[in-house]
4 protein chains.
Amino acid sequence: MNTAPAQSEPRNHWVLTFVCSDQPGIVHAISGAVVAARGNITESQQFSSSDTGRFFMRLQVESPANRQDFEAAIAPVTETYGMTWQLDVVGRPLRTLVLASTAAHCVNDLLFRQRAGQLPVEIPLVLSNHGTLRDLASFYGVPFESIPVTDASGKADFERRVLEAVEEFDIELVVLARYMQILSPELCERLAGRAINIHHSFLPGFKGANPYRQAHARGVKLIGATAHFVTSDLDEGPIIEQNVVRVDHSRSASELVAIGQDEESRTLTQAVKWFAEDRVLLDGARTIIFK
Amino acid sequence: MNTAPAQSEPRNHWVLTFVCSDQPGIVHAISGAVVAARGNITESQQFSSSDTGRFFMRLQVESPANRQDFEAAIAPVTETYGMTWQLDVVGRPLRTLVLASTAAHCVNDLLFRQRAGQLPVEIPLVLSNHGTLRDLASFYGVPFESIPVTDASGKADFERRVLEAVEEFDIELVVLARYMQILSPELCERLAGRAINIHHSFLPGFKGANPYRQAHARGVKLIGATAHFVTSDLDEGPIIEQNVVRVDHSRSASELVAIGQDEESRTLTQAVKWFAEDRVLLDGARTIIFK
Amino acid sequence: MNTAPAQSEPRNHWVLTFVCSDQPGIVHAISGAVVAARGNITESQQFSSSDTGRFFMRLQVESPANRQDFEAAIAPVTETYGMTWQLDVVGRPLRTLVLASTAAHCVNDLLFRQRAGQLPVEIPLVLSNHGTLRDLASFYGVPFESIPVTDASGKADFERRVLEAVEEFDIELVVLARYMQILSPELCERLAGRAINIHHSFLPGFKGANPYRQAHARGVKLIGATAHFVTSDLDEGPIIEQNVVRVDHSRSASELVAIGQDEESRTLTQAVKWFAEDRVLLDGARTIIFK
Amino acid sequence: MNTAPAQSEPRNHWVLTFVCSDQPGIVHAISGAVVAARGNITESQQFSSSDTGRFFMRLQVESPANRQDFEAAIAPVTETYGMTWQLDVVGRPLRTLVLASTAAHCVNDLLFRQRAGQLPVEIPLVLSNHGTLRDLASFYGVPFESIPVTDASGKADFERRVLEAVEEFDIELVVLARYMQILSPELCERLAGRAINIHHSFLPGFKGANPYRQAHARGVKLIGATAHFVTSDLDEGPIIEQNVVRVDHSRSASELVAIGQDEESRTLTQAVKWFAEDRVLLDGARTIIFK
């Protein structure tokens, strides 16, 4: 809702997300708090999960209140309803750490869109187990480090650097942009709910090495990609986004790889964008996406 | 929001849609009215139009209140904010009049899905300017009438019967399911906002007779369909839904017709479904679709 | 290639498909045979499988030759190259047996499109293990029989009737249009390469009962359908066609079912259409689709 | 068709495209020439245009023959049938001149994919009427020149440089990658059949300034892009490729622009790829695309 505020009064654009037990009066209560903060709701989405009995909401609010005042206005409501909540500024770039190996497609898409102003992230570091992408990062003015992961000790070094970087740059999201190493369960645990991975997807699914070759052998007609949260259960975390494209019998296994990479790029970038805009909420093993 | 009501208390599932001038406090006010009606909001969507300064909302509410009590609960709010509103029961079949000519594809899709329980409409009459579809209607147990429209007098008779039927069956929606006559401006006016038409769509658009032949001659790669509200400005009413599919140079003009018909069917049915579920609101020349 | 034949000479439109070992000169040889039959090639597709070393071709040929003469013209070539080949008339309706259970969506789509002239099949019988779809078949003027399959003896009766019907009606294709019983290995064997099944598809795949519920629990964003040849390896036969649609968190498990059914209908009908047009060839576990 | 050539004999991979009047025996004749050149056909597509009576074919042929010998082998056939033909090496990078203005999205996509080995072009020059994209070109190691086009004289200079560059670099394709100036009819004429443009597409189409604003005002549900050959009839040249994506009422006009740009990039790159692979043939106002 837009009103005409006094010209001299600056307005902030807040995004508030929260989760609580589903019960009557939540919308009335929170919208009352918004009124108290002299705010206008510019975007609103809600979802009641019949699976878990939880209520999810995302609000964008224009208000003259600063963070302290806004938080004070909503405090009685968040406490009464036992909400888990988060307050952010619309459009604020999310501090994002990118992990990569040798494949360029996902990293390039993230960096290009970030620079083009289409992706609200800032990337203080690309960390890779190879040096391959150093020039690409450099072109986009993004710091790059590589730590070889050829044995257990290298892997430990790499993961230690991940956690250091998370600390050092106050990282809010870790993106595995075709980082081809499995994270240790401990690291998965530490990054729970703030690490996103991308992998190829097929109908039907194929397990084991070289799935593109298997997909080719079986003659699949659709190939795609799935972006999901990282969990210690490999490739089984909550799904954020999926895409597919059509292929036919004339495609070689290596063409399937190229097609699949395009899907990986756009699917991962989309998932990161929604996450950075506070549009991804977790409901047990499912995601709520407030597009 | 779901609560556990006393088992003995029956609950209604209401859908409330409204439009008003955008201003602070609307959500708080209407959600307060819902609380007063002991209702739980199970689905909620809103949109502020920066083009027209209007605020649109659709709420689904479970409540023990009957219509009279629910209307009483919201009356102070709808009056204060000068809302144009509508209250309906979720899932209630919409009384729908189908106009047709000789093409079966759209009518068949509507009738099949209506019977399969996928489309919340009841169809008391299919009215056509030809007898071709009599058997189809009969199979689905839907009354059918035909009035030839071969001259101005026939056209007047047909349109008079449309208005009679609208009256007789208390029709809420008129669907032009490939009805191939242009409605008179007077009838368009009478049915404004409650008549939906379907037509083929091309990139780029083609005017004049036999657009499929033109599309073929130009070698278009996409053909599709647009469902829109009927206005006296032919094929220029507010758009409700659009779909396209890919075609290539090997398709003959008649194959393009068959492909286009599939798109027409699914696009029209989708538009009717959203309308029947009170998900289509008008904002000047645009539609707000609360999917 | 179109020429202007003498007006008095009738022309047939043949479709020739063949498979043989890949080697030089095949196209030259077969096109020479077409010239010998005074034929014009109106459509041609070929594929060399690097997996199996086999060469696949589909030709549409307009020719004044009758079947006997056409076969005589190509005989030297088919023998020299050891071709497995098939000669058919373009557009000839394929004799198709439909197996069904209680779900109407796939059967309705097949029958509607067959009657609308969009699907070149003739259906002498719908055979079901339930009586549910009797009226639907009747409306389309298609004979219907039901044989309960509640025990091993019923299953044997049903499968015996399948084989009888295949014999009686000279059936060329058996379509499992949501027939919910597993065929015996013997019947799969007997129908190898001429029976098509449809099943739902998810990313990732789900095994076991109620996959839609699993897909809902996991929060998948795409659901779809796969049409494939029937083999004794359940749901693992060569894939003919696949489609998916996008869904989100707000869809209930039962809505996923409805959406999935639409995909099943259109995917199965598409697969049947390609098969009836002699566009589906087998290359080991893969299909070659000459669209 | 693959044979096992003597290990010592090098093999070339040719792509032959031709057009001629449709008549009997063409396939037989050209495949005979391929046999004479000891070639194996690895890919073959043909199309008979009933609109223009012309026959189109694209062949990929593995052969030990060098260009001179291959041309000698096909000469009798191309002469007899009056073919317009072209012989190229599969995968040879096409010499491509890119014209640009200030928008980066299309240029970036072309350069990234070229470097990634997904697009068989070499780009000796990006020529722009602005300096904006100098750094982008530099990162990819591509020469960049800018010539301001602020008056008729500047425009003449720019177009003169285009023709010089075409000469200097033996350019085979000119890509207008969001070059925002209208080419003179003379230049269009000079580049006929070897210049590709990209523009946004809407259903329905919108003429005049700021089409995205018009599309927003009308509430379109699909926006897209069309890649086409440049002709002096603005935006009306033969269509090569089209894509669309779905949008809804919540998208601002500027969001529509961002979404449309993605479609422009991928549609233009796809069209360039097909052209570079000799898959785009002209049939009057239509294109034949041998994917």
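**View 1. A salt bridge joins Glu241(A) and Arg246(C).** In this predicted model, the two side chains meet at 2.9 Å, N to O. That distance falls within the 4 Å cut-off, so the pair counts as a salt bridge. Across the interface of chain C and chain A, the rule finds 2 salt bridges.

**View 2. Polar contacts link chain C and chain A.** The count is 22 residue pairs, both residues of each at pLDDT 80 or more. By residue class, the side of chain C that touches chain A holds 14 nonpolar, 10 charged and 9 polar residues.

**View 3. The contact between chain C and chain A draws on both chains.** Chain C supplies 33 residues and chain A supplies 33 residues. The size of an interface is often given as the accessible area lost when the parts come together. Here the buried area is about 2,900 Å². Carbon and sulfur atoms give 49% of that area.

**View 4. A rotation superposes chain C on chain A.** The rotation is 180°, with 0.0 Å of shift along its axis, and the RMSD is 0.0 Å. The two chains therefore stand in the relation of a two-fold axis. The same surface serves both copies, as 100% of the contact residues of chain C recur in chain A.

Technical notes. Residues numbered from 1 in each chain as written. Chains lettered and ligands numbered in written order. Predicted model: local features only at pLDDT ≥ 70, side-chain atom pairs only at ≥ 80, totals over all residues. Heavy atoms only, no water. Contact = heavy atoms within 4.5 Å. Buried area = accessible area lost by both parts, 1.4 Å probe. Polar contact = N/O pair within 3.5 Å; in protein donor to acceptor, adjacent residues only side chain to side chain. Nonpolar A, V, L, I, M, F, W, Y, C, P; charged D, E, K, R; others polar. Least-squares fit on C-alpha atoms with pLDDT ≥ 70 in both.
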